[in-house]
Amino acid sequence: MKNRMIFTLKALLVLLIAVVAGCTKVDKGFLSPYVQYASDFTVIRGRVGKSYSLVTDGSSLPIKVKLLHIYNEAGEIVDDVFKKAYPVEIWTERYDPLVDKSYAAIKAKQKTVDLPPITVNESNGTIESNAGTLYLPLGTYSLDLEVSNEAGSEVVQKIIKLKLVDGDPVEITPQTGSFSASLLVAGTASGAGTLFNGNNNPFVQYSITRTADTPNVFVLRVEDRNGVVFSPAKGEIAKRPNSGLNPNPPFLQNLEDYAPDTFTALDTAMVLRYPLVPFPLQSLGNGYNMYYRLPARFVRIDNTSTWSANAAGNFYKGTADPHYVGIYPDNAYDYAIRIPMRIFVPGSYRLVVRLLNTTHR
């Protein structure tokens, strides 16, 4: 009798636990009210970029993120400007700089579509910018996001500051590289000494000018200390030969390699129509440097003592400079110049490079 009573009590207890469990709500997932970004996001107008992803603070995955509103510094909603679609070139096939060398071949793998300039990746919250940001006004903005998962949704107001700034549309130095000036044994690839290699090159002054929004054209002009131009059409500025026995390629990279069918050597400059930005998109070797030489018969070169370093804005002053020690013998050396350059914003540009330790012959 006693054992039967104990069994009955146990059975009732099990039944009671089952009933209580059936009436208890089990929460699904977790959505933190403290989702955030690790830092603000700076957008350089006209360039592709992306922020860090959203820090979810342990929220259950997957999450879904939606951009709700964008505010200017006055607190006004500017969705109409930021959510408007602007024309942007996108790739439809993989680009290979070793294969896709002609303007037509590259353009065949691109198309223009209308896209909003700022988007938010819905799976991780990464803020992404494209070339359409060129059409947006400069300033600092903030964003409202809706973050949701299986636990529900949260509206996070003004979660991040987005700063729109202008950068250099063409990066020369120090962003892309540095100018180098050196000597080659005339008519050969053999080096005969470095004149200066590094930032703040004392022998090189340059200016970059954006002359128009369209077409996408790049002009490179190389001058001596007096502003006399070296003529590409006459061979006064030429490709720099690669070193070694039977080198492949025979010349170090230059503008013509990146746009061979749109390159033109004129009397006063080298001109090319470029098909994409950034240009170059990928390096053919040695970073984004363009290599040239001034053949010995066209140039007279100052001989100088060694520069160990140089301060910004300090340029070589010719015969009045304490580094001046004379002139190299005529016809002994070609002048080799390395020019860093990369275009980030479409348009027409003119780069003028003046070599302060040379005289045109």
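**Exercise 1. Charges.** State how many positive and negative side chains the protein has, and how far apart the centres of the two sets lie.

Solution. Lys and Arg are counted as positive and Asp and Glu as negative, while His and the chain ends are left out. Each charge is placed at NZ of Lys, CZ of Arg, CG of Asp or CD of Glu. On this basis there are 36 positive and 33 negative side chains in the protein, and the centres of the two sets are 4 Å apart.

The model is predicted: local features need pLDDT of at least 70, side-chain atom pairs count only at pLDDT 80 or more, and totals for chains, interfaces and linings use all residues. Residues are numbered from 1 along each chain as its sequence is written, and side-chain values use heavy atoms, without hydrogens and water.

**Exercise 2. Salt bridges.** Count the salt bridges, then describe the pairs formed by arginine 45 and arginine 225.

Solution. A salt bridge is a side-chain nitrogen of Lys or Arg within 4 Å of a carboxyl oxygen of Asp or Glu. The count by this rule is 13.

1. Arginine 45 pairs with aspartate 166, with 2.9 Å between the closest N and O atoms. Arginine 45 is in the loop between strands E1 (41-44) and E2 (49-50), and aspartate 166 in the loop between strands E10 (161-165) and E11 (170-171), so the bridge ties together parts that are 121 residues apart in sequence. Arginine 45 is buried at 17% relative accessibility, whereas aspartate 166 is partly exposed at 48%.
2. Arginine 225 meets aspartate 302 at 2.8 Å, N to O. This pair also links distant parts of the chain, 77 residues apart: arginine 225 is in the loop between strands E15 (217-223) and E16 (238-239), and aspartate 302 in strand E20 (299-304). Arginine 225 is partly exposed at 24%; aspartate 302 is buried at 3%.

**Exercise 3. Backbone exceptions.** Locate the cis peptide bonds at proline 215 and proline 278, and the positive phi angles of lysine 158 and asparagine 200.

Solution. Most residues other than glycine have a negative phi, and most peptide bonds are trans.

1. The bond from threonine 214 to proline 215 is cis, with omega near -5°; proline 215 lies in the loop between strands E14 (204-212) and E15.
2. Valine 277 and proline 278 are joined by a cis bond with omega about -10°, and proline 278 is in the loop between strands E18 (270-273) and E19 (289-294).
3. Lysine 158 has a phi of about 45° and is partly exposed at 46% relative accessibility.
4. Asparagine 200 has a phi of about 60° and is partly exposed at 37%.

Methods
Helix = DSSP H or I, 4+ residues; strand = E, 2+ residues; numbered from the N terminus. Buried < 20%, exposed > 50% of the residue type's maximum accessible area, 1.4 Å probe, protein only.
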